[in-house]
Amino acid sequence: MAALAGNFYQDFDIMFGDQRLKILEEGKLVTLSLDKVSGAGFQSKNGYIFGRFDVQMKMPPGNSAGTVTTFYLSSSGPNHDEIDLEFLGNSTGEPYTLHTNVYAQGQGSKEQQFHLWFDPTKDFHTYSVVWNSKRIIFLVDGSPIRVFNNLESLGLPFPKNQSMKIYATFWNADDWATQGGRVKTDWSHAPFSASYRNFNINACLGSEESPSSSCSTSTNSSAWQNQGLNAAGRNRLRWLQRKFMVYDYCTDRPKFPKGLPRECKHSRV
């Protein structure tokens, strides 16, 4: 069991970016910068099987079109599992898009996208993933925006047997990120900067050899293990999705001409 108030020096490794990654406040704050040559990124030293993962992030302000700021969990290999939060920049005055996705055994294409109900460039906000054997919950400032349920009973894959590391990256994706790639990165505004702080990891350590059944937790730190949504949470989720969801793969019939994915026929709260 790992319950960490993440310290960058202790818990993370630099992936790429060199001097574009800066560690401040004795390892509690990390800034990533992006220029025309490269972005930056880091990953956790450990992998995890189930848990709750929280981080506070502040997005690059102004004209951030073409940039992508991420916080996600992922295993490795062609049949990997992944839980994604990607923040797609936009032109000055236009809203950021929070792009979410889930991969299970290499199968993705489960995107939902949201416009946030605040300006994520003005201050830090908390973004969270709760991942247990029953469901995955995406939260923003403690409010649920998405639930992805385990429907293995229907023969559908669910991430549960591969440990995942935490990743955070900041990079240029102007071929697709902003308005489908129509708006490109304006490098006259570079370098862009994104900030991360207050990582909290309450999770079970995993490894290639350790199955999820080996995860044991104590009663005072494992609320996430069976976490779902109560009536108030379900109402909050429905309201936020109704007001702020801008794309749902389960309504995208042109993307799935042979029929929508089977999980779309089942409750997603």
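Select Glu 82 and Glu 86, which the unreviewed UniProt entry annotates as "active site"; UniProt positions follow the numbering used here, feature names are shortened, and annotations may be inferred rather than shown by experiment. The model is predicted, so local features need pLDDT of at least 70 and side-chain atom pairs count only at pLDDT 80 or more, while totals for chains, interfaces and linings use all residues. Residues are numbered from 1 along each chain as its sequence is written, and side-chain values use heavy atoms, with hydrogens and water left out.

Start with Glu 82, in strand E7 (residues 82-88). Helices (H or I, at least four residues) and strands (E, at least two) are DSSP runs, numbered from the N terminus. Glu 82 is buried at 12% relative accessibility; buried means under 20% relative accessible area, exposed over 50%, and partly exposed in between (1.4 Å probe, protein chains only). Show the side chain of His 80 to see its polar contact of 2.8 Å with the side chain of Glu 82. A polar contact is a pair of N or O atoms within 3.5 Å; within protein, one must be able to donate a hydrogen and the other to accept it, and residues adjacent in sequence count only if both atoms are side-chain atoms.

Move along to Glu 86, also placed in strand E7 and buried, with a relative accessible area of 12%. Not counting residues up to four places away in sequence, Glu 86 touches residues including Thr 70, His 99 and Trp 176; contact means heavy atoms within 4.5 Å.

Next select Thr 70 in strand E6 (residues 67-74). Thr 70 is buried, at 1% relative accessibility. Its side chain has a polar contact of 2.5 Å with that of Thr 169.

Now select Phe 87. This residue is among those with the most contacts inside the largest nonpolar core, which has 59 residues. A nonpolar core is a set of buried Ala, Val, Leu, Ile, Met, Phe, Trp, Tyr and Cys residues joined through side-chain atoms within 4.5 Å. Strand E5 (residues 40-58) gives the largest share of this core, eight residues.

Finish at Cys 250 and Cys 264, joined by a disulfide with an S to S distance of 1.9 Å. A disulfide is a pair of cysteine sulfur atoms within 2.5 Å. Both cysteines lie in the segment after strand E15 (245-248), so the pair ties together parts that are 14 residues apart in sequence. Cys 250 is buried at 7% relative accessibility, and Cys 264 is buried at 17%.
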